[in-house]
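This briefing covers the cores, the domains and one surface patch. Have the model open while reading.

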Amino acid sequence: MEFPNHHRQIVEDLMAGKFVLPQERTYQVLKEHEHSYTYFFKASFNYELRLTQDYAYLVSEESQEMLSRDICIFIALLSYELDRDGKNFLERIQFSEFEMEEIENYFINSSYIDLILSNKQLKDTDSRKNFINTLNRRNVIEKTGDNRFVFTSAAKFFMDFASDIVKYENAEKEE
Amino acid sequence: MKAEPKTILRFLLEHYDAIADLYETQSNEGVIAHETLSQIVKKHDSDIKSQLIDYKILSPVNENYEIRTVYYNLIEFILSEFKPMLPETIEKYHTSIAELFRKIRENINGDKVTLSQRLNDLAIEVRSFYEMVERNTMSLLQETRELKANVKKIDYREKIVRASRWIDEYIIPLNKILDINHSASVANKLYEISEYSNKYRLNFDDENARVQFEKLYFQLIQVNDNLLKQSKILTNELLPLIERIRTESIILTGWITFLKNPYKRKVPKLLKRKEVSIYSNDTFFNASEIFEQFKNEVDVYFEEEENDSEKWIFDKQHYTQKLKDNLPVDNFFSWCNKTLKDEYKKVEIEKFFALTQLAFDDDIEREYHEKAQFDKIKIDNLTLTVPKLIINKQHGIS
């Protein structure tokens with residue numbers, strides 16, 4: 001039986017909960033064999049493959065909810081603080097590099113400090129550094145240096161979630 | 001009495017501040033109330049109410065006042081404070097321009113004076129149309145930039161509503177008006193007139209009309225170029241900008257809603273990392289992820305349970321000896337109760353049962369009454385019914 005190129009890499013990355021990004025060669029293979037891989041992951045593991053123009057990832061009922069929630073809190077806080085600082089948060093998250101010092105300033109001086117302090121992964125500088133490494137492993141960000149990183153297109157996954165909150169609430173109001 | 005033009009202009013100059021206040025009132029409230037007019041006049045310390053009416057700057061509307069359109073437009077133009085107009089207002093030019101053009105075409109060989117007048121009117125309409133489009137684009141751009149900078153500190157939800165309304169009610173319809181490829185657009189009509197003028201500016205028997213066609217033709221070339229610019233501003237600058245405001249506001253509103261109660265809302269599903277065998281390429285990362293989780297240990301404090309008294313331990317040797325000393329015992333359970341009562345003021349069920357263990361010791365020989373006899377013993381809140389059990393000296397503990 002023949003598998004497409006980079007099959008092992010694709011399976012390993014997706015099974016590790018990584019977002020596979022369009023600039024990766026594995027993404028191109030996934031796109032070319034979307035139908036087969038959708039079937040493969042469903043039949044083998046009962047996972048759903050989601051392939052968008054910004055990322056590919058696997059969905060299962062068995063979710064790592066705590067990490068997902070912490071990522072949402074992290075991006076929500078950063079977006080809020082950037083906006084409060086008069087920055088175009090969406091442009092910054094999509095196109096610019098962040099330094100850990102900047103992140104630290106926003107988090108230390110945030111009006112959501114109680115929420116930050118109560119969150120195990122975000123409560124202090126060391127936790128946040130580790131959290132950034134976790135995001136890096138999941139391909140939500142890409143580290144560009146020891147203390148610098150950029151968000152990848154996988155950030156869209158979480159931005160869409162935020163949009164859905166408003167859409168869902170509006171739909172509820174209309175009902 | 002008709003005032004001299006210079007007198008009116010001088011009046012406007014002298015009392016500009018008061019007139020600007022009146023303009024602002026009308027812009028905000030639609031009309032100038034009688035009392036407001038008096039207040040403004042008083043504020044500027046100039047009794048100009050009668051002149052404002054005599055010079056036809058203000059006109060009475062019921063008991064209120066309005067700045068006449070010509071002066072209103074003049075001040076609006078000077079201040080560059082245009083409010084975006086609904087495209088329906090601009091769309092009316094389609095009718096007036098198309099109608100004039102139809103009449104020109106149908107009566108091209110008719111009365112030359114009327115033709116000249118119509119060509120003149122058409123040129124005025126085209127100019128007015130363009131000016132209105134330009135004003136609208138600029139005012140929309142200005143308002144959008146203000147919305148982007150959030151000068152008025154408006155709520156995110158209101159931002160979404162405003163951005164959506166501008167897109168749906170102003171920008172998209174205005175873009176349609178300017179879309180030259182759309183057969184019903186004003187721009188398309190102007191293009192048609194431009195081609196017609198081009199033909200007649202070169203080939204028409206009346207020289208005066210030829211000159212007018214030529215003027216119209218060059219005016220239309222200019223207008224079409226400018227409309228194209230406006231259209232580009234709309235599609236390349238304004239629409240993306242306002243779309244971005246809308247998207248940003250939606251996302252930020254979503255995040256703010258989420259942050260209100262971040263632990264109660266459902267979050268997107270992220271795949272749980274699968275356990276991998278030790279020889280996997282990812283072993284290092286998996287191990288480090290696990291270790292990182294322990295790096296940030298939270299201090300956990302356990303409160304020790306407070307013991308009111310030391311834990312009681314059953315001293316079997318002590319009680320066996322005691323039983324031996326008391327033999328014969330004709331009621332074992334009663335003896336247990338009495339012994340504990342002597343030692344502790346209060347008998348606890350735990351101690352009582354511990355002591356009754358002696359009765360089941362292999363070294364102890366028990367005797368029963370021929371007819372079963374029972375006794376009642378009260379411990380704590382319990383009343384126990386127990387058999388009368390005899391432990392004799394001769395057959396008891398050795």
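Domain bounds here come from an automatic or database domain assignment. On that basis, chain B is divided into domain 1 (5–79), domain 2 (87–260) and domain 3 (316–390). The model is predicted.

**Domains of chain B**
- The centres of domain 1 and domain 3 of chain B are separated by 112 Å, taken over C-alpha atoms.

**Nonpolar cores**
- The largest nonpolar core has 52 residues.
- Residues with the most contacts inside this core are A:Phe19, A:Phe74, A:Phe151, A:Phe158, B:Trp255 and B:Phe258.
- Helix α4 (residues 65–84) of chain A gives the most to this core: eleven residues.
- A second, separate core has 46 residues, among them B:Phe101, B:Val133, B:Val186 and B:Leu239.
- Leaving aside neighbours within four places in sequence, A:Phe74 touches A:Ile103, A:Phe107, A:Leu122, A:Phe131, A:Ile132, A:Leu135 and A:Phe151.

**Helix α1 of chain A**
- Helix α1 spans residues 7–15 of chain A, and its buried residues are A:His7, A:Ile10, A:Val11, A:Asp13, A:Leu14 and A:Met15.
- The cover over these buried residues includes α2 (25–32), α3 (34–45), β1 (48–51) and β2 (56–59) of chain A.
- A:Gly17 follows α1(A) and has a positive phi, near 80°.

**Surface patch on chain B**
- B:Leu74, B:Ile78 and B:Leu79 make a nonpolar surface patch of about 240 Å².
- B:Leu79 lies in helix α5 (residues 69–79) of chain B.
- B:Leu79 counts as partly exposed because its relative accessible area is 32%.
- Patch residues need over 30% relative accessible area.

Conventions
Residues numbered from 1 in each chain as written. Chains lettered and ligands numbered in written order. Predicted model: local features only at pLDDT ≥ 70, side-chain atom pairs only at ≥ 80, totals over all residues. Heavy atoms only, no water. Patch = residues over 30% accessible without salt bridge, like charges linked within 9 Å, V, L, I, M, F, W, Y side chains within 5 Å. Areas by Shrake-Rupley, 256 points an atom, 1.4 Å probe, with all protein chains shown as cover. Salt bridge = Lys/Arg side-chain N within 4 Å of Asp/Glu carboxyl O. Helix = DSSP H or I, 4+ residues; strand = E, 2+ residues; numbered from the N terminus. Buried < 20%, exposed > 50% of the residue type's maximum accessible area, 1.4 Å probe, protein only. Core = buried A, V, L, I, M, F, W, Y, C linked by side-chain atoms within 4.5 Å. Contact = heavy atoms within 4.5 Å.
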